[in-house]
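Dear colleague,

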Amino acid sequence: MKVSIIMGSKSDWDVMSAACETLESFGVEYEKKVISAHRTPQFFMEYMAGARERGVGIVIAGAGGAAHLPGMAAALTTLPVIGVPIKSKALSGLDSLLSIVQMPSGIPVATMAIDGAKNAALYAVAMLAINDEALATKLAIFREKQAEKVLNTEL
């Protein structure tokens, strides 16, 4: 099962690349695509309709500004969607965060912090690890290393 990482524009790559790097570090297969709910709506609908057939199990969608991409992705699939609000110039990403987190009842999007692509990937890994013992072990080791780093910090 793989993760689909989508973003509204190429400018989102600086943030969303952290999701790809994180998934790679766990050996999780993914696809990545710049796709627009507004500029390429027909293609976006076809892309989401074919996600399950492509072996996608989870979608991570990053978007800034009005940030409709995660919500529209959730509306077009029953796969879990994780939204990543991207920091914008106008409101520092608060507009994106509020747009994604305020989904209507019945169409949920798990929403990360502004620019939280790494955590989105870690959340996807945790979801996939429910049915994958090897991945669960990798995640446990990752968390142990995080704890060791904190415990070994000297001031």
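Helices (H or I, at least four residues) and strands (E, at least two) are runs assigned by DSSP, and they are numbered from the N terminus. With that convention, I82 is placed in strand β4.

Before going further, please keep in mind that this is a predicted model, in which local features need pLDDT of at least 70 and side-chain atom pairs count only at pLDDT 80 or more, while totals for chains, interfaces and linings use all residues. Residues are numbered from 1 along each chain as its sequence is written, and side-chain values use heavy atoms, with hydrogens and water left out.

The overall picture

The C-alpha trace spans about 50 × 40 × 30 Å along its principal axes. The radius of gyration of the protein chain is 16 Å, which agrees with the value near 15 Å that a compact globule of 155 residues would have; here the radius is taken over C-alpha atoms, and the globule rule is 2.2 Å times the number of residues to the power 0.38.

Of the 155 residues, 42% are buried, where buried means under 20% relative accessible area, exposed means over 50%, and partly exposed lies in between (1.4 Å probe, protein chains only). Among contacts (heavy atoms within 4.5 Å) between residues at least 6 apart in sequence, 66% join residues at least 24 apart. The protein chain exposes about 8,700 Å², of which carbon and sulfur atoms supply 56%; these areas come from the Shrake-Rupley method with a 1.4 Å probe, and for residues only the protein chains shown count as cover.

As for charge, there are 14 positive and 15 negative side chains, and the centres of the two sets lie 5 Å apart. In this count Lys and Arg are positive and Asp and Glu are negative, while His and the chain ends are not counted, and the place of a charge is taken as NZ of Lys, CZ of Arg, CG of Asp or CD of Glu.

Helix α5, residues 117–129, has 13 residues and reaches 18 Å from its first C-alpha to its last, close to the 18 Å expected at 1.5 Å a residue, where the expected span is 1.5 Å times one less than the number of residues. The buried residues of α5 include A120, L122, V125 and L128, and the buried part of this helix packs against β1 (2–7), α1 (13–26), β3 (56–64), β4 (81–86) and α6 (133–151). In helix α3, residues 69–76, L69, P70, G71, A73 and A74 are buried, and the buried residues of α3 pack against β1, α2 (41–49), β3, β4 and α4 (94–101).

Leaving aside neighbours within four places in sequence, I82 is in contact with several residues, among them I58, I60, V109, A120 and M127. The C-alpha atoms of I82 and I100, which are 18 residues apart along the chain, are separated by 9.5 Å.

Two residues other than glycine have a positive phi: A67, near 50°, and S92, near 55°.

S11, in the loop between β1 and α1, counts as exposed at 57% relative accessibility, and its C-alpha is separated by 9.7 Å from that of I86, 75 residues apart along the chain. E29, in the loop between α1 and β2, is also exposed, with a relative accessible area of 52%. Apart from neighbours within four places in sequence, E29 is in contact with M1, K2 and V3, while E29 and T153, 124 residues apart in sequence, are 33 Å apart in space, C-alpha to C-alpha.
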